[in-house]
Amino acid sequence: VSVTVTQRAKAEPRGLEDLYLRHAPGAVRLAYLITGDPDIAKDIAQEAFVRVAGRFRHLRFPDAFDAYLRRTIVNLCTSHFRHARVERVYVERHAERQEPTEQGPDAGDRDELRRALRRLPAKQRAAIVLRYYEDLPEQGVADAMRCSVPAARSLISRGMQTLRTIVEAER
Amino acid sequence: MNDLETRLRDLLNDDARRAPTPSGAPDAVRRARRRQFVVGAAAAVTALACVAAVALVTVQLLPSRNRGRPLDTEDGALRTVHVPYIMITYEEPRVLMVWDQASVPTAVVQLTNFDPNVRSDPVCSIANPTMPDDGVVLVVRANVGGGPPGTYPWPLELLSSKAGRGDEAEGALCGGSDEYWAQGRVPNSDIWIWAVANVGPEASAADREALFATFDSLVFDQPFSKIGVDAGHGAVVLGSGEIDETPWLLTAAPAREQPGIALQLDLGEGPDHEQGGLRGTGFGGVVVESIEDTWVNPSVMAGNTMLFGAVHPDVARVEVRPEGADPFDAQLVAPPASLGATFTAFAAPMNGAPTGTIVTHDAAGNVIREIAFHPDRSTWPEIEQRQPPAGAIAGGKLVGSEWELVDVGDAIHLQERTENADASVLMTAPRAPEAAISFAAHTFANDTGETASIVFGVAAPQVTQVVLFTSGLPGSVQIDTLADGTQVYWQAFEPGELKGQVIALDADCEVLQAVDLATGEPVADPKPTSCD
């Protein structure tokens, strides 16, 4: 009995670290793509991990840790913009910010698209990142964003329409 | 995949490679472990609290099973509702109301986490100035054209009204609530929007978050149908959903110009039912606040059937038995208490256009009533009416028979038109009632056994309303005033079983006279009406 207890006592801390190492890089990438800010992305990813892992034993479906984490990241990203009430200022500032210079023949197009993406409202941007980076189906986007499928569909569609409009207008 | 999507995927994948590396594991893991401990402790405390609260919660829930919650929902479930110009997504349980101002292309929705005064204006308006301390409310208005120039495009943020107003404004708004607002226009459309949110001083963080999430979820578009809500009255959304990708909406609202609640189903897409092939329908009748047992209306649209209606609150279960398909239970919902309705509504979307039966059960499982339904036929049916012939008071067609009511001086005749345009008198009601009303009734039948009845008579001047009870909901009947001031009442209905009462009421809702439909004799114990 004592051996078993000892092993379990050791296994759990190791498990949390493993969990972090396995999920943190993806979490930071997702937060970065939504916020566009590396520092905020790291903070949000860590906070999301702490929140989800902190109630890991109480999750209804612990196997779906990544889905919980994704939902929390999206929530924290949109909350960040809303609570700070800086989204408009942020968007304007970042729209004007010089993006890293791209190499290659399509660098100009990419900058345009990146700027357009930054100008999208947080929810639309999150929906687009979930759909086109995470490759989630509409149901998955809706789950992550805690909205209905029609609402998720609408966010994606409006986001793409806005992107298209901005990109075409800048040409 | 189109070009933009491909470019977007490439860009996102490239940018993701530039994302920073995560912060070190030790700090995050340490915080997570600490939180695990806190959550575990909190869970234990919560469990104890739950045990202690069970008795109280049970007592609280029993009398309040009808909270105005839309059909087919659970706590925390997300619901998306389409109303004219607005699509809103919110977390249950909430009360959603809709104002549709008939003469202006405008829609107003209000979402609350409490039962608002549904017979008044939106919460926090002059006419309805208070809200609970733990309440949250979101009111959104969308209208076509007329917005101020230079407004921001949607999507918008909700901004605090206190910004720039100084501390003296603290607590001045709607019982000390925090107020937020937004105003703007919808890009590429002429829809202008305005929203205000109020958060009570004791509202939970979850309710506050949910309110902002709901605001973010709003989608503005052209209306899918015109909701027949009276100007000045809001309608409560009782249920909503999609059938065959077509949105449907069930609402309840105070009836116009008479007591009772109008229950209405809207289904379809498009601003006008009669143009452009767009679908939609509604029930324009009146549901008096007390209901005898069951009223059901099947509406068939685009090959699908929406079954909806109302039952007495004692009905615990409404079972739908479609012909040739498996039976299922319709879900029940009562309007919020402040509407004053004492019926429970139900709606059952069905694929196909079936006939069948609905069976109502009481709490003990006993069958209360079985009612056959048929596409496009209500237990309180829409009777085909026609322009009456010259000289006739009213006219129409019932199960193949053409009928008309004719004033012959000392009496009102019910006549049947024959193929050679002759008229045969079927029944006569005296023009001078002995009491409040005179009464006559006739039942028509065709070769296939279908029946329909008509009741009619003359009402004395003091009669302001005549109510008919059959097996379904009571409803006010048609009253036509002749040139000399004589009031003639009449009502046709299918099926034609003459069972129930007709009741005459005065302006104070006092029962002046009640007549048994089967015998034509006075009734000593009139059915209760909303005025009782």
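**Interface between chain B and chain A**

In this predicted model, about 5,100 Å² is buried between chain B and chain A, buried area being the accessible area (1.4 Å probe) that two parts lose on being put together, summed over both. Carbon and sulfur atoms give 59% of this area. The contact (heavy atoms within 4.5 Å) involves 61 residues of chain A and 51 residues of chain B.

Two salt bridges are found across the interface of chain B and chain A, each defined as a side-chain nitrogen of Lys or Arg within 4 Å of a carboxyl oxygen of Asp or Glu. One of the salt bridges joins B:Arg9 to A:Asp135, with 2.3 Å between the closest N and O atoms. On the side of chain B that touches chain A, the elements giving two or more residues include helix H1 (3-17), helix H2 (25-61) and helix H3 (205-217); helices are DSSP runs of H or I with at least four residues, numbered from the N terminus. The residues of this side comprise 25 nonpolar, 11 polar and 15 charged, where Asp, Glu, Lys and Arg count as charged, Ala, Val, Leu, Ile, Met, Phe, Trp, Tyr, Cys and Pro as nonpolar, and the others, Gly among them, as polar.

The average pLDDT (the predictor's confidence in each residue, from 0 to 100) of chain B is 74, and 69% of the residues score at least 70. Residues 50-70 of chain B have a pLDDT below 50, and this stretch has 26 contacts beyond near neighbours in sequence.

Residues are numbered from 1 along each chain as its sequence is written, and chains are lettered from A in the order in which they are written. Local features need pLDDT of at least 70, side-chain atom pairs count only at pLDDT 80 or more, totals for chains, interfaces and linings use all residues, and side-chain values use heavy atoms, with hydrogens and water left out.
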